[in-house]
Amino acid sequence: MRVTMLDLPRQLAALAPALRVAFERVLADGRFVGGPEVARFEQRVAARLSVPHALGVSSGSDALVVALSALGVGAGHEVITSAYSFVATAESILRVGARPVFVDLPPDGFNLDAAAAIAALTSRTRALLPVHLFGEPCALRALLDAAERAGAVVVEDCAQAFGATLGARAVGTLGAAGAFSFFPAKVLGGFGDGGLVTTADLPTATRVRALRQHGRTGPDRYEAVGGNYRLDALQAALLDVALEHVGGFIAARRQCAGEYLRALAELPGLVVPPLTEGHVFGCFTLRVLDGRRDALARHLSERGVETAVYYATPLPLQPLFAALGHRAGEFPNAERAAGEALSLPVHPALTASERGRVLDAVLEFFRSR
Ligand SMILES: *Cc1c(COP(=O)(O)O)cnc(C)c1O
């Protein structure tokens, strides 16, 4: 048996009876788009995050677009973001017609370099789009202060960080808006695609509501270019069940990460992620030094342990952003991360013996050379 990056049937087995009840309820009700299921999930998730407004949308990618758009980001604006993330982060900036301004990572972390982001602010900057990558809360205080002075807003990409906290606050509640993903592999995974926009600001929430329905502001009234970005009722009903279990999922992820950290922290040739308070370990991502990342991945695969590389190419070097004219060497820390990052299985259904197999295989690799 392989140790896999994900095992949703096993992770969700205990939820199956409640999921079936939710499915039957939606089937009997017949309102499959919008309706009470979506409203109820939105209320419960808003309470869980302690945020005034939570709006269900079709995906994390669309959550980013709708959030930026609701905050007035569009053509002629610059949006500062990390050179190291999933493509949807920076793609959302292009989708609203604005220009991504990439900043590098710090030498040692996976979240954008706040000082570099602040230095990149210009009179054209309308937003900063930091990412809580791998579930690690990104330090936002300095970014929020600098954004405010510059007349820009902060939109948090929380796609990998449901439930992550900075002090007493959930991520997604500190900036002008937060964007979450319910893609099945995420910390709060749904049963298909789904997403969420969070905001404390009522006018922003009202614009999100309009944008997710083609810019609809009233009966037969359309004011802005939005789209069909709604969350399905069935998705909302099932997510509502998963939401009750997300605290347990996060605790299991943190426990697994703690075990890995204790066993691997002292190995030369490896940099482990920090066990920061509030980190939810959407991914457990090592840096493998000395050009041995792919060799370690192969070694683990031969011993039945799956791994993943998030992300092998920094965003500025993707063809999608070629028009910005970036060249290799401009984002040295992101480029180094792209060559060193290796994610281990950290999902909540891992057994103690599976976690042991992961560790044994990693330790064996470093002992044998
Ligand atoms: C998954 C992800 C998204 C996009 O979410 P989808 O629900 O897959 O559209 C955006 N940003 C980051 C950092 C992600 O990991």
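**View 1. Phenylalanine 32 sits in the loop between α2 and α3.** The model shown here and in the other views is predicted. With a relative accessible area of 45%, Phe32 is partly exposed, because that class runs between the limits of 20% for buried and 50% for exposed. Together with Phe23, Leu27 and Val33, Phe32 forms a nonpolar patch on the surface.

**View 2. The largest nonpolar core has 36 residues.** Phe41, Val45, Leu49, Phe162 and Leu188 are the members that touch the most others in this core. At least two core residues come from each of α2 (16-29), α3 (36-49) and α9 (233-264). The most are given by α9, with 11 residues.

**View 3. Surroundings of phenylalanine 41.** Leaving aside residues up to four places away in sequence, Phe41 touches Phe182, Leu231, Ala236, Leu239, Asp240 and Leu243.

**View 4. Helix α4, residues 60-70, is mostly covered.** Of its 11 residues, nine are buried. These are Gly60, Asp62, Ala63, Leu64, Val65, Val66, Ala67, Leu68 and Ala70.

**View 5. The two ends of α4.** At the start of the helix, a side-chain oxygen of Ser59 comes within 3.3 Å of the backbone nitrogen of Ser61. Gly72 follows α4 and has a positive phi, near 85°.

Notes: Residues are numbered from 1 along each chain as its sequence is written. This is a predicted model: local features need pLDDT of at least 70, side-chain atom pairs count only at pLDDT 80 or more; totals for chains, interfaces and linings use all residues. Side-chain values use heavy atoms; hydrogens and water are left out. A nonpolar core is a set of buried Ala, Val, Leu, Ile, Met, Phe, Trp, Tyr and Cys residues joined through side-chain atoms within 4.5 Å. Buried means under 20% relative accessible area, exposed over 50%, partly exposed in between (1.4 Å probe, protein chains only). Helices (H or I, at least four residues) and strands (E, at least two) are DSSP runs, numbered from the N terminus. Contact means heavy atoms within 4.5 Å. A polar contact is a pair of N or O atoms within 3.5 Å; within protein, one must be able to donate a hydrogen and the other to accept it, and residues adjacent in sequence count only if both atoms are side-chain atoms. Patches are made of residues with over 30% relative accessible area and no salt bridge: like charges are joined within 9 Å, nonpolar side chains (Val, Leu, Ile, Met, Phe, Trp, Tyr) within 5 Å. Accessible areas come from the Shrake-Rupley method with a 1.4 Å probe; for residues, only the protein chains shown count as cover. A salt bridge is a side-chain nitrogen of Lys or Arg within 4 Å of a carboxyl oxygen of Asp or Glu.
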